[in-house]
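Colleague: I would like to learn how to read a protein model. Could you take me through one, feature by feature?

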Amino acid sequence: LQGLTPGTITFNTLITTAEKAGELNAALWLFDEMEFKSVRRDYITYNTLISSCAGVKEWQRALDFVEEMKFNNINRTTITYNSVMSACHKAGKWQTALKLLHGMTKDGCKRDMISFNTAIAACGAAGQWQEALEVFNTAAAEEARMMPMGVPTNSTIPSSSKSFPYNRRTKKLQRDVYTYTTTMNAVGRAGLIDRAFDLFKELRSKVASPSIVAYNTMAAMCERDKTPRSAEIAAELFETMKEDELKPEVYTVGVLMNIFDRNNMQELSNEVKDLASSDGLVLMHGGQDELDLEAEPTEPDPVLAATATTEDFDDRDVY
């Protein structure tokens with residue numbers, strides 16, 4: 001920057017570069033340089049810095065920047081709150097994430113599905129299944145309230161990796177695969193295997209095409225539960241997978257075989273193995289020894305998952 005007179009856009013671009021590289025200290029230095037050089041900081045400056053804090057679990061510092069925005073009369077946006085909630089989620093601060101979600105409307109910020117998904121993820125990761133389910137139900141009520149007249153509430157949603165929870169064309173809130181699987185994970189971990197399966201079936205009735213993520217999540221819940229009822233659900237899950245003609249992953253096959261073998265359901269176990277072989281999956285030592293079945297399939301960060309591409313958004317922080 002020596003010999004130049006950079007402005008807000010230049011600094012914001014550099015801060016974004018530091019954020020993407022995970023260099024919080026560099027982003028903070030640039031932020032301080034803006035004050036030193038009397039360069040105006042805008043909401044994009046703060047949003048990017050808050051996102052950088054979220055990347056390294058600096059949730060308190062992220063909150064401090066929100067307070068600084070308020071003090072300096074800089075508008076907080078939906079992205080501001082989503083990024084702070086992401087930091088709280090990663091740091092295990094589910095109460096703060098919920099407080100931020102509830103405070104968004106008071107601050108004049110629209111809550112999008114990323115907001116709800118992040119709050120659900122924060123509650124679920126902390127074992128707070130009741131709160132996760134409450135946020136899910138709040139999102140459902142908000143979705144129904146915003147649904148245009150004449151559109152059925154069980155209208156299908158896409159399940160591909162490029163589908164997003166906020167429809168750019170209709171501007172409507174819509175629960176997505178992430179919403180369901182994260183809530184399924186929260187209630188399943190609490191031993192509510194039937195409630196998790198109800199969510200799976202509701203999701204299946206809404207999606208345009210099934211997602212292996214949903215199947216993996218439900219299979220993981222059955223593996224964790226280890227009850228006769230979970231084995232019954234796993235069997236139904238496998239039948240549903242065949243109906244949907246969904247190609248399983250090695251993880252899916254390994255977990256299902258483990259459940260069926262443990263419950264003396266050898267015929268189903270062999271059928272799963274045959275299906276895997278027909279799909280070209282290579283299973284080591286029967287398909288289970290090389291799999292970490294206790295490690296449930298991980299979900300992407302709700303903010304990063306939804307901002308991986310900009311094709312379905314028109315309100316990103318861009319110049």
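Modeller: Start with exposure: a residue is buried under 20% relative accessible area, exposed over 50% and partly exposed in between, using a 1.4 Å probe and protein chains only. Glu67, at 46% relative accessibility, is therefore partly exposed. This is a predicted model, where local features need pLDDT of at least 70 and side-chain atom pairs count only at pLDDT 80 or more, while totals for chains, interfaces and linings use all residues. Residues are numbered from 1 along each chain as its sequence is written, and side-chain values use heavy atoms, with hydrogens and water left out.

Colleague: What share of the 319 residues in the chain is buried?

Modeller: Buried residues make up 49% of them.

Colleague: How many helices and strands are there in the chain?

Modeller: Helices (H or I, at least four residues) and strands (E, at least two) are DSSP runs, numbered from the N terminus. The chain has 15 helices and zero strands.

Colleague: How many salt bridges does the structure hold?

Modeller: A salt bridge is a side-chain nitrogen of Lys or Arg within 4 Å of a carboxyl oxygen of Asp or Glu. The structure holds 17 of them. One joins Lys70 and Glu67, at 3.6 Å from N to O. Those two residues are three apart in helix α4 (residues 59–71), so about one helical turn separates them. Lys70 is partly exposed at 34% relative accessibility.

Colleague: Which residue meets Lys201 in a salt bridge?

Modeller: Asp198 does, with N and O 3.8 Å apart. Both sit in helix α10 (residues 193–206), three residues apart, about one helical turn. Lys201 is partly exposed, at 40% relative accessible area, and Asp198 is partly exposed at 38%. In helix α12 (residues 228–243), Lys242 and Glu239 are likewise three residues apart, about one turn. The closest N and O atoms of their salt bridge are 3.1 Å apart.

Colleague: Which residues are linked in a network of salt bridges?

Modeller: Glu143, Arg175, Glu202 and Lys206 form such a network.

Colleague: At what angle do the axes of α10 and α12 cross?

Modeller: Two packed helices are described by the angle between their axes and the distance between the axes. Axes are lines fitted to C-alpha atoms, for helices over the stretch in contact, and angles run from 0 to 180 degrees between N-to-C directions. Here the axes of α10 and α12 cross at roughly 10 degrees and come within 11 Å. Angles under 35 degrees count as roughly parallel, over 145 as roughly antiparallel, 65 to 115 as roughly perpendicular and the rest as oblique. The pair α10 and α12 is therefore roughly parallel.

Colleague: Which residues in α10 meet α12?

Modeller: Contact means heavy atoms within 4.5 Å. From α10, the residues include Phe197, Phe200 and Lys201, and among those they meet in α12 are Ile233, Leu237 and Thr240.

Colleague: Which other residues does Phe200 touch?

Modeller: Leaving out residues up to four places away in sequence, Phe200 touches Met184, Ala214, Tyr215, Met218, Leu237 and Thr240.
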